Amino acid sequence: MVKKAIYPGTFDPVTYGHLDIIKRAANIFDEVIVVIAHSEDKNPLFTPAERMRMVKEAIGDIDNVEVDDWKGLIVDYLNRVDARIIIRGLRMISDFEYEFQMALTNRKLNPQVETIYMMPHESYCYLSSKLIKEAASLGADISKFVPEKIAQVLKEKLKRHK
Ligand code: ADP
């Protein structure tokens, strides 16, 4: 049986923290699909297509990782690809409450669904896309937080967004 997991999130933009979780998941599962949630309510800086491109660029050629996007419920996406495992990253205790609610809600929507939490390397525990965008918009060097190519794309986007 192929063990397939999905890693859903907004990825606005992808960071070294996300990449750390993707690599850990790819070491455990036969197939990992990174699912770019449209998350319109979060008012993302990048479009789903841009976020997908950035994740593809950042993961390079890990053979068992794919990237897709999805607008609806994650449990519906799981049905579509015939999977039942959701991977999420857990950084700090502050992530816990929201993640706990979401995992239980998804389980109520589909009792077959399991959410598995992975901790990143401690050097990425404080990283968030939101803070990186804020720091970049104030001119910080963000090369320690995201791959070089993503830093460039983010800089360009912020220039146009002003
Ligand atoms: P969402 O809007 O779904 O929270 P994010 O892109 O912010 O989307 O995060 C997707 C997942 O990755 C979440 O489970 C989040 O906790 C996790 N994550 C985000 N940043 C990091 C990080 N630095 N280290 C580990 N996990 C992370």
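**A. The shell around the ligand, sorted by class.** By class, 7 nonpolar, 5 polar and 5 charged residues make up this shell. (Ala, Val, Leu, Ile, Met, Phe, Trp, Tyr, Cys and Pro count as nonpolar, Asp, Glu, Lys and Arg as charged, and the others, Gly among them, as polar.) This is a predicted model, with local features needing pLDDT of at least 70 and side-chain atom pairs pLDDT 80 or more, while totals for chains, interfaces and linings use all residues. Residue numbers start from 1 along each chain as its sequence is written, and side-chain values use heavy atoms, leaving out hydrogens and water. Which of the 17 residues come nearest the ligand? Look for Tyr7, Thr10, Lys42, Gly89 and Tyr124; a residue is near if one of its heavy atoms lies within 4 Å.

Start with Thr10, where a polar side-chain atom sits 2.6 Å from an oxygen atom of the ligand. Gly89 uses a polar backbone atom instead, 2.7 Å from a ligand oxygen. For Phe11, a backbone N or O atom is 2.9 Å from an oxygen atom of the ligand. (A polar contact here is a pair of N or O atoms within 3.5 Å.) On its own the ligand would expose 540 Å², and the protein buries 91% of that (Shrake-Rupley areas, 1.4 Å probe).

C. (Helices are DSSP runs of H or I, at least four residues, and strands runs of E, at least two, numbered from the N terminus.)

**D. The largest pocket, where the ligand sits.** The ligand takes up the space of the largest pocket, meaning that more than half of its atoms lie within 2 Å of the grid points. A pocket is an open set of points on a 1 Å grid over the protein atoms alone, where a 1.4 Å probe fits with protein on both sides within 12 Å along at least five of seven lines; lining residues have an atom within 4 Å of a point. How much space is in there? About 1300 Å³, counted as the space filled by probe spheres set on the points. There are 45 lining residues, and closest to the centre are Gly9, Thr10, Lys42, Arg88 and Tyr98. β1, α1, β4, α4, β5 (114–118) and α5 (129–137) each give two or more residues to the lining, with α4 giving the most, 7 residues. Overall the lining splits into 20 nonpolar, 14 polar and 11 charged residues.

**E. The second largest pocket, between helix residues and others.** This one has a volume of about 240 Å³. Its lining has 14 residues, with Ala136, Ala140, Ile142, Ala151 and Lys155 nearest the centre. α5 and α6 (148–161) each put in at least two residues, and α6 has the largest share, 6 residues. Sorted by class, that lining has 5 nonpolar, 4 polar and 5 charged residues.

How values were computed. Polar contact = N/O pair within 3.5 Å; in protein donor to acceptor, adjacent residues only side chain to side chain.
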